[in-house]
Amino acid sequence: MRYYIDRIEDGIAVMDSEGGERITVPVGRLPDGVRDGSVLILMPDGVFLHDCAAETERRRALSERVSRLKNRNKE
């Protein structure tokens, strides 16, 4: 299952799944270097893996969306 970090506060990551489920996980259970917006895959053994390729693609798509919205507001 794939999860997206919504935010990290007080050592707890609040994450949303692709299906809309929201979970909280102690940051210590997550790979080093994750941050708000990181994409993680929950493996069957309970370990989270950082999906860097999916995260890069997601950030690119969001950046394009923001650019389109800014340009639309200029018209």
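**Terms and values in a predicted model**

Visitor: Why does D10 count as exposed?

Guide: D10 has a relative accessibility of 81%. A residue is called exposed when its relative accessible area is over 50%, buried when the area is under 20%, and partly exposed in between (1.4 Å probe, protein chains only). The value of 81% is over 50%, and therefore D10 counts as exposed.

Visitor: What else is recorded about the backbone of D10, and where does the residue lie?

Guide: D10 is not a glycine, yet its phi is positive, at about 55 degrees. The residue belongs to the loop between strand 1 and strand 2 (12-17).

Visitor: What makes a stretch of residues a strand or a helix, and how many of each does the protein have?

Guide: Both are DSSP runs numbered from the N terminus: a helix is H or I over at least four residues, and a strand is E over at least two. On that basis the protein has five strands and one helix, in the order β-β-β-β-β-α from the N terminus. Helix 1, for example, covers residues 52-74.

Visitor: How does the radius of gyration of the protein stand against that of a compact globule?

Guide: The radius is taken over C-alpha atoms, and the globule rule is 2.2 Å times the number of residues to the power 0.38. For 75 residues the rule gives a value near 11 Å, whereas the protein has 14 Å. The C-alpha trace spans about 50 × 25 × 25 Å along its principal axes. Of the 75 residues, 24% count as buried.

Visitor: Why is S38 called buried?

Guide: The relative accessible area of S38 is 0%, which is under 20%, and so S38 is buried. S38 sits in the loop between strand 3 (22-26) and strand 4 (39-42).

Visitor: What makes the pairing of S38 with R35 a polar contact?

Guide: A polar contact is a pair of N or O atoms within 3.5 Å; within protein, one must be able to donate a hydrogen and the other to accept it, and residues adjacent in sequence count only if both atoms are side-chain atoms. A polar atom of the S38 side chain lies 2.9 Å from the backbone nitrogen of R35, and 2.9 Å is within 3.5 Å.

Visitor: Which residues is S38 in contact with, and what is meant by contact?

Guide: Contact means heavy atoms within 4.5 Å. Beyond its neighbours within four places in sequence, S38 is in contact with Y3, Y4, I5, H50, E55 and R59.

Visitor: Is E55 buried or exposed, and how do you know?

Guide: E55 has a relative accessible area of 7%; the figure is under 20%, so E55 is buried. This residue of helix 1 has a side-chain polar contact with the side chain of H50 at 2.5 Å. Residues up to four places away aside, E55 touches R35, G37, S38, V39 and H50.

Visitor: Why is I8 called partly exposed?

Guide: The relative accessible area of I8 is 33%, a value between 20% and 50%, and therefore I8 is partly exposed. I8 is part of strand 1 (residues 2-9). Apart from neighbours within four places in sequence, the contacts of I8 are A13, V27, V34, R35 and D36.

Visitor: Which class does E21 fall into, and why?

Guide: E21 has 40% relative accessibility, again between 20% and 50%, so E21 counts as partly exposed. E21 lies in the loop between strand 2 and strand 3. Its side chain makes a polar contact with the side chain of Y3 at 3.1 Å. Not counting residues up to four places away, E21 touches Y3, M15 and D16.

Visitor: Why does I23 count as buried?

Guide: At 18% relative accessibility I23 is under the limit of 20%, and therefore I23 counts as buried. I23 belongs to strand 3. With residues up to four places away excluded, I23 touches Y3, A13, V14, M15 and F48.

Note on methods. Residues are numbered from 1 along each chain as its sequence is written. This is a predicted model: local features need pLDDT of at least 70, side-chain atom pairs count only at pLDDT 80 or more; totals for chains, interfaces and linings use all residues. Side-chain values use heavy atoms; hydrogens and water are left out.
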